[in-house]
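Dear colleague,

I would be grateful if you would read the two side by side.

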Amino acid sequence: TFRYRVGALLRRNLMAAHLRRPGAAAPPVSAGEAVNRYRDDVAEVADFPLWLPDVVGNVLAFVIAVAIMASINLTITLFVFLPLAVAFVAGRAAWGRYLRYSHRAGRSSDRVVGFLDEVFGAVQAVKIADAAEPVINHLEKLSTERRQDAVRLGMLEASLNTIWRSAVTFGVGMML
């Protein structure tokens with residue numbers, strides 16, 4: 001309930017601010033980016049207050065678990081967390097690349113959504129100009145870029161998840 005209420009309030013306020021702008025003023029972002037912001041950014045803001053207590057609880061449980069494990073056997077504790085430290089370093093090393101890929105994937109998605117918005121708004125003009133073929137070709141080009149960016153981002157995420165899961169499995173194996 002909280003998430004939906006906050007999301008609805010944020011979207012309402014964004015729309016109200018957009019409608020208060022002078023009619024002649026150009027929007028600050030493209031139509032595709034605006035649609036994605038109304039969807040993705042609002043969801044992030046609405047989820048944050050619910051996410052924060054979960055993270056605090058997980059960190060607290062982690063600290064307590066490590067303290068208990070270290071009090072039982074410090075050597076095993078160090079061997080368990082060594083692979084996790086390596087996975088953390090790998091994740092930090094890839095963070096810049098992840099941000100670049102994420103940004104590119106978001107931009108290419110914005111371009112596709114913006115182009116579709118323009119096409120749906122100008123269907124009659126496309127029909128009159130007999131420009132369906134170039135429109136489809138351009139959409140295919142934009143979609144290919146979007147797909148490549150999404151695959152690149154997905155591969156990086158899958159690689160980092162594999163490193164992390166392998167480190168956890170190796171750590172559990174070391175402990176056993």
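**Pockets and helix packing**

The lining of the second largest pocket has three nonpolar, six polar and eight charged residues. In this classification Ala, Val, Leu, Ile, Met, Phe, Trp, Tyr, Cys and Pro count as nonpolar, Asp, Glu, Lys and Arg as charged, and the others, Gly among them, as polar. The model is predicted, and local features need pLDDT of at least 70, side-chain atom pairs count only at pLDDT 80 or more, while totals for chains, interfaces and linings use all residues. Residues are numbered from 1 along each chain as its sequence is written, and side-chain values use heavy atoms, with hydrogens and water left out.

The second largest pocket holds about 490 Å³ of space. A volume here is the space filled by probe spheres set on grid points, which are joined across faces, edges and corners. On a 1 Å grid over the protein atoms alone, a pocket is an open set of points where a 1.4 Å probe fits, with protein on both sides within 12 Å along at least five of seven lines; lining residues have an atom within 4 Å of a point. Of the 17 residues that line the second largest pocket, D40, S102, A105, G106 and R107 are the closest to its centre. Two or more lining residues come from each of α2, α3 and α5, and α3 gives the most, with eight residues. Helices are DSSP runs (H or I, at least four residues), numbered from the N terminus.

The largest pocket contains about 610 Å³ of space. Its lining has 19 residues, and L84, A87, F88, G91 and W164 are the closest to the centre. Here too, α2, α3 and α5 are the elements that give two or more residues. The largest share, ten residues, belongs to α3. By class, this lining divides into 14 nonpolar, three polar and two charged residues.

I turn now to the helices. The axes of α3 (residues 74-121) and α5 (residues 132-175) come within 8 Å and cross at roughly 165°. Axes are lines fitted to C-alpha atoms, for helices over the stretch in contact, and angles run from 0 to 180 degrees between N-to-C directions. α3 is therefore roughly antiparallel to α5. Angles under 35 degrees count as roughly parallel, over 145 as roughly antiparallel, 65 to 115 as roughly perpendicular and the rest as oblique. The contact of α3 with α5 has 28 nonpolar, seven polar and eight charged residues.

α2 and α3 pack at about 175°, with axes 14 Å apart, so α2 is roughly antiparallel to α3. Contact means heavy atoms within 4.5 Å. Among the residues that meet are F62, V66 and M69 in α2 and V80, F81 and V113 in α3. The contact of α2 with α3 divides into eleven nonpolar, six polar and four charged residues.

Finally, the axes of α1 (residues 2-20) and α2 (residues 31-72) come within 9 Å and cross at roughly 135°. These two helices are therefore oblique to each other. Their contact has eleven nonpolar, two polar and four charged residues.

Yours sincerely
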